[in-house]
Amino acid sequence: MKLYLNDISSAASRVRIALALKQISVETIHVGILGDRPENRESDYLRLNPQGLVPALVTDQGTLLTQSIAIIEYLDELQPSPPLLPQDLEQRALTRAVAVAVAAEIHALLPPRVARQLTALAAMDGATQARWNRHWVEEGLQALEQLLQARPAGPFVAGARPSLGDILLFPQLVNTERMGLDLAQWPALAAIYARLKEIAAFAENAPKPRS
(Lines give C-alpha, C1' and ligand atoms only; values in the text may rest on other atoms or scores of the structure.)
Protein backbone atom coordinates (compact mmCIF):
# COMPACT_ATOMS: atom_id res chain seq x y z
CA MET A 1 0.00 0.00 0.00
CA LYS A 2 1.02 3.61 -0.57
CA LEU A 3 0.12 6.43 1.80
CA TYR A 4 0.24 9.99 0.49
CA LEU A 5 0.73 12.34 3.43
CA ASN A 6 2.31 15.41 4.93
CA ASP A 7 3.92 15.20 8.36
CA ILE A 8 2.25 18.38 9.64
CA SER A 9 -1.22 17.11 8.74
CA SER A 10 -3.29 16.00 11.72
CA ALA A 11 -5.49 13.98 9.34
CA ALA A 12 -2.43 12.09 8.11
CA SER A 13 -1.28 11.68 11.71
CA ARG A 14 -4.52 9.81 12.46
CA VAL A 15 -3.80 7.24 9.77
CA ARG A 16 -0.16 6.88 10.82
CA ILE A 17 -1.32 6.17 14.38
CA ALA A 18 -3.76 3.51 13.16
CA LEU A 19 -1.06 1.88 11.02
CA ALA A 20 1.31 1.83 14.01
CA LEU A 21 -1.32 0.29 16.29
CA LYS A 22 -2.00 -2.37 13.65
CA GLN A 23 1.72 -2.76 12.86
CA ILE A 24 1.00 -2.41 9.15
CA SER A 25 3.82 -1.18 6.92
CA VAL A 26 3.13 1.02 3.91
CA GLU A 27 5.16 3.07 1.47
CA THR A 28 4.84 6.76 2.33
CA ILE A 29 4.92 9.57 -0.24
CA HIS A 30 5.24 13.18 0.92
CA VAL A 31 2.86 15.77 -0.55
CA GLY A 32 3.37 19.49 0.10
CA ILE A 33 0.31 21.31 1.45
CA LEU A 34 1.66 24.79 2.27
CA GLY A 35 2.69 27.81 0.22
CA ASP A 36 1.19 29.68 -2.69
CA ARG A 37 1.21 26.62 -4.94
CA PRO A 38 0.85 23.61 -2.67
CA GLU A 39 1.58 20.26 -4.27
CA ASN A 40 -1.76 18.81 -3.22
CA ARG A 41 -3.58 21.36 -5.40
CA GLU A 42 -1.48 20.66 -8.51
CA SER A 43 -2.77 18.61 -11.44
CA ASP A 44 -0.51 15.61 -10.83
CA TYR A 45 -1.88 15.01 -7.35
CA LEU A 46 -5.45 15.90 -8.33
CA ARG A 47 -5.36 13.18 -10.97
CA LEU A 48 -4.64 10.73 -8.15
CA ASN A 49 -7.00 12.26 -5.59
CA PRO A 50 -9.60 14.68 -7.00
CA GLN A 51 -10.31 15.98 -3.49
CA GLY A 52 -6.77 17.29 -3.33
CA LEU A 53 -6.36 16.33 0.32
CA VAL A 54 -4.03 14.24 2.46
CA PRO A 55 -4.01 11.52 3.52
CA ALA A 56 -4.81 9.27 0.59
CA LEU A 57 -4.19 5.53 0.63
CA VAL A 58 -3.74 3.36 -2.45
CA THR A 59 -4.43 -0.25 -1.52
CA ASP A 60 -2.53 -3.32 -2.71
CA GLN A 61 -5.31 -3.73 -5.28
CA GLY A 62 -4.73 -0.19 -6.59
CA THR A 63 -7.92 1.28 -5.12
CA LEU A 64 -7.80 4.88 -3.92
CA LEU A 65 -9.15 5.50 -0.41
CA THR A 66 -9.64 9.03 0.93
CA GLN A 67 -10.74 10.63 4.21
CA SER A 68 -8.93 9.57 7.36
CA ILE A 69 -11.91 8.00 9.13
CA ALA A 70 -12.77 5.86 6.11
CA ILE A 71 -9.13 4.80 5.76
CA ILE A 72 -8.89 3.89 9.45
CA GLU A 73 -12.07 1.82 9.34
CA TYR A 74 -10.74 0.07 6.22
CA LEU A 75 -7.53 -0.79 8.08
CA ASP A 76 -9.57 -2.02 11.03
CA GLU A 77 -11.52 -4.37 8.81
CA LEU A 78 -8.43 -5.42 6.86
CA GLN A 79 -6.62 -6.39 10.07
CA PRO A 80 -9.08 -6.73 12.98
CA SER A 81 -6.50 -6.97 15.77
CA PRO A 82 -6.17 -4.83 17.78
CA PRO A 83 -9.72 -3.55 17.23
CA LEU A 84 -10.20 0.19 16.81
CA LEU A 85 -13.94 0.09 17.50
CA PRO A 86 -15.37 -1.24 20.79
CA GLN A 87 -17.63 -4.27 20.81
CA ASP A 88 -20.20 -2.49 22.99
CA LEU A 89 -22.64 -0.72 20.65
CA GLU A 90 -23.00 2.42 22.77
CA GLN A 91 -19.26 2.79 23.20
CA ARG A 92 -18.83 2.22 19.47
CA ALA A 93 -21.29 5.01 18.75
CA LEU A 94 -19.54 7.29 21.26
CA THR A 95 -16.08 6.82 19.77
CA ARG A 96 -17.46 7.48 16.29
CA ALA A 97 -19.24 10.60 17.56
CA VAL A 98 -16.00 11.96 19.02
CA ALA A 99 -14.14 11.17 15.80
CA VAL A 100 -16.69 12.97 13.64
CA ALA A 101 -16.85 15.93 16.03
CA VAL A 102 -13.09 16.42 15.66
CA ALA A 103 -13.04 15.86 11.90
CA ALA A 104 -16.18 17.78 10.94
CA GLU A 105 -16.74 20.35 13.69
CA ILE A 106 -13.19 21.42 14.57
CA HIS A 107 -10.55 20.36 12.06
CA ALA A 108 -12.65 21.11 8.98
CA LEU A 109 -12.49 24.83 9.80
CA LEU A 110 -8.72 24.99 10.35
CA PRO A 111 -6.67 23.58 7.43
CA PRO A 112 -4.46 25.69 5.13
CA ARG A 113 -6.97 25.73 2.27
CA VAL A 114 -9.56 27.33 4.58
CA ALA A 115 -7.03 29.94 5.69
CA ARG A 116 -6.19 30.73 2.06
CA GLN A 117 -9.86 31.22 1.19
CA LEU A 118 -10.49 33.41 4.23
CA THR A 119 -7.52 35.55 3.27
CA ALA A 120 -8.74 35.85 -0.31
CA LEU A 121 -12.36 36.66 0.56
CA ALA A 122 -12.08 38.62 3.78
CA ALA A 123 -8.47 39.84 3.74
CA MET A 124 -7.92 38.24 7.13
CA ASP A 125 -4.46 38.81 8.57
CA GLY A 126 -2.51 36.30 10.62
CA ALA A 127 -3.81 37.56 13.97
CA THR A 128 -7.43 37.35 12.83
CA GLN A 129 -6.89 33.84 11.49
CA ALA A 130 -5.41 32.84 14.84
CA ARG A 131 -8.53 34.14 16.61
CA TRP A 132 -10.69 32.22 14.12
CA ASN A 133 -8.80 28.99 14.83
CA ARG A 134 -8.86 29.51 18.57
CA HIS A 135 -12.62 30.12 18.61
CA TRP A 136 -13.50 26.88 16.82
CA VAL A 137 -11.02 24.81 18.80
CA GLU A 138 -12.25 26.12 22.14
CA GLU A 139 -15.92 25.73 21.24
CA GLY A 140 -15.42 22.21 19.88
CA LEU A 141 -13.27 20.95 22.74
CA GLN A 142 -15.61 22.38 25.36
CA ALA A 143 -18.46 20.38 23.84
CA LEU A 144 -16.34 17.22 23.76
CA GLU A 145 -15.30 17.79 27.37
CA GLN A 146 -18.92 17.81 28.47
CA LEU A 147 -19.70 14.76 26.34
CA LEU A 148 -16.81 12.76 27.78
CA GLN A 149 -17.46 13.79 31.36
CA ALA A 150 -20.89 12.17 31.01
CA ARG A 151 -19.54 8.85 29.71
CA PRO A 152 -18.92 5.81 31.91
CA ALA A 153 -15.55 6.09 33.65
CA GLY A 154 -12.64 4.74 31.62
CA PRO A 155 -9.07 5.61 30.67
CA PHE A 156 -9.83 6.41 27.04
CA VAL A 157 -12.65 7.84 24.95
CA ALA A 158 -14.70 4.64 24.94
CA GLY A 159 -13.46 1.82 27.10
CA ALA A 160 -10.22 0.34 28.32
CA ARG A 161 -8.22 0.65 25.09
CA PRO A 162 -7.66 3.42 22.53
CA SER A 163 -10.21 3.49 19.74
CA LEU A 164 -11.20 5.60 16.74
CA GLY A 165 -12.14 8.62 18.86
CA ASP A 166 -8.76 8.64 20.60
CA ILE A 167 -6.98 8.45 17.23
CA LEU A 168 -8.84 11.54 16.03
CA LEU A 169 -8.60 13.40 19.32
CA PHE A 170 -4.86 13.02 19.92
CA PRO A 171 -3.51 15.05 16.95
CA GLN A 172 -6.08 17.77 17.62
CA LEU A 173 -4.90 18.08 21.22
CA VAL A 174 -1.25 18.15 20.12
CA ASN A 175 -2.03 21.11 17.88
CA THR A 176 -4.20 22.72 20.56
CA GLU A 177 -1.21 22.81 22.93
CA ARG A 178 0.89 24.34 20.15
CA MET A 179 -1.71 27.10 19.83
CA GLY A 180 -0.94 28.00 23.43
CA LEU A 181 -4.20 26.76 24.93
CA ASP A 182 -4.03 25.15 28.36
CA LEU A 183 -5.58 21.68 28.25
CA ALA A 184 -6.15 21.82 32.03
CA GLN A 185 -9.38 23.69 31.33
CA TRP A 186 -10.70 20.42 29.87
CA PRO A 187 -9.77 17.83 32.54
CA ALA A 188 -11.40 14.81 30.89
CA LEU A 189 -9.62 15.53 27.61
CA ALA A 190 -6.34 16.27 29.38
CA ALA A 191 -6.45 12.95 31.23
CA ILE A 192 -7.04 10.99 28.02
CA TYR A 193 -4.28 12.95 26.28
CA ALA A 194 -1.79 12.21 29.06
CA ARG A 195 -2.46 8.48 28.72
CA LEU A 196 -2.20 8.54 24.92
CA LYS A 197 1.17 10.32 25.06
CA GLU A 198 2.54 7.29 26.90
CA ILE A 199 1.68 4.99 23.95
CA ALA A 200 4.42 4.87 21.30
CA ALA A 201 2.02 4.54 18.36
CA PHE A 202 0.54 7.92 19.33
CA ALA A 203 3.63 9.78 20.54
CA GLU A 204 5.77 8.78 17.56
CA ASN A 205 3.13 9.72 14.99
CA ALA A 206 1.97 13.09 16.27
CA PRO A 207 1.71 15.81 13.63
CA LYS A 208 4.96 17.68 13.19
CA PRO A 209 4.98 21.41 14.00
CA ARG A 210 4.96 23.83 11.10
CA SER A 211 8.42 25.19 10.43
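The structure is a predicted model, in which local features need pLDDT of at least 70 and side-chain atom pairs count only at pLDDT 80 or more, while totals for chains, interfaces and linings use all residues. Residues are numbered from 1 along each chain as its sequence is written, and side-chain values use heavy atoms, with hydrogens and water left out. Helices (H or I, at least four residues) and strands (E, at least two residues) are DSSP runs numbered from the N terminus.

Strands of a sheet pair through backbone hydrogen bonds, either parallel or antiparallel. Here four strands form an open sheet with mixed pairing, in the order E2-E1-E3-E4; two strands are said to pair if DSSP finds at least two bridges between them. Strand E2 (27-30) and strand E4 (64-66) stand at the edges and have a single partner strand each, so one side of each is left without a neighbour in the sheet. From one strand to the next, the twist averages 20°. Strand E3 (residues 56-58) and E4 run antiparallel and are joined by three bridges. Within this pair, Leu-57 stands opposite Leu-65 in E4. Helix H3 packs on the sheet, where it touches E3 and E4, and its direction makes about 120° with that of E4. For such angles, axes are lines fitted to C-alpha atoms, for helices over the stretch in contact, and the angles run from 0 to 180 degrees between N-to-C directions.

The next topic is the interior. A residue is called buried under 20% relative accessible area, exposed over 50%, and partly exposed in between (1.4 Å probe, protein chains only). A nonpolar core is a set of buried Ala, Val, Leu, Ile, Met, Phe, Trp, Tyr and Cys residues joined through side-chain atoms within 4.5 Å. The largest such core has 49 residues, of which Leu-75, Leu-141, Leu-144, Ile-167 and Leu-169 touch the most other members. Among the elements that give two or more residues to this core are strand E1 (2-5), helix H1 (10-22), helix H6 (126-149) and helix H7 (164-178). H7 gives the most, with seven residues. Apart from this core lies another, of eight residues, including Tyr-4, Val-31, Val-54 and Ala-56. Leu-169 is in contact (heavy atoms within 4.5 Å) with Val-102, Leu-141, Leu-144, Val-157, Leu-189 and Ile-192, leaving aside its neighbours within four places in sequence.

A polar residue can also be followed into the interior. Thr-95 is found in helix H4 and is buried, with a relative accessible area of 0%. Its side chain makes a polar contact with the side chain of Ser-163 at 2.6 Å. A polar contact is a pair of N or O atoms within 3.5 Å; within protein, one must be able to donate a hydrogen and the other to accept it, and residues adjacent in sequence count only if both atoms are side-chain atoms. Not counting residues up to four places away in sequence, Thr-95 also touches others, among them Leu-85, Pro-86 and Val-157.

Charged side chains come next. A salt bridge is a side-chain nitrogen of Lys or Arg within 4 Å of a carboxyl oxygen of Asp or Glu, and a search of the whole structure finds five. One of them links Glu-73 with Arg-96, the closest N and O atoms being 3.2 Å apart. Glu-73 lies in helix H3 (residues 68-78) and Arg-96 in helix H4 (residues 89-106), so this pair ties together parts that are 23 residues apart in sequence. Arg-47 and Asp-44 also meet in a salt bridge, at 2.3 Å from N to O. These two residues are three apart in helix H2 (residues 43-48), and are therefore separated by about one helical turn. Arg-47 is exposed at 62% relative accessibility, and Asp-44 is exposed at 56%.

Finally, the backbone deserves attention. Most residues other than glycine have a negative phi, and most peptide bonds are trans. A cis peptide bond joins Val-54 and Pro-55, with omega about 5°, and Pro-55 lies in the loop between H2 and E3. Another cis peptide bond joins Ser-81 and Pro-82, with omega about -5°. Gln-23, in the loop between H1 and E2, has a positive phi near 55° and is exposed, with a relative accessible area of 72%.
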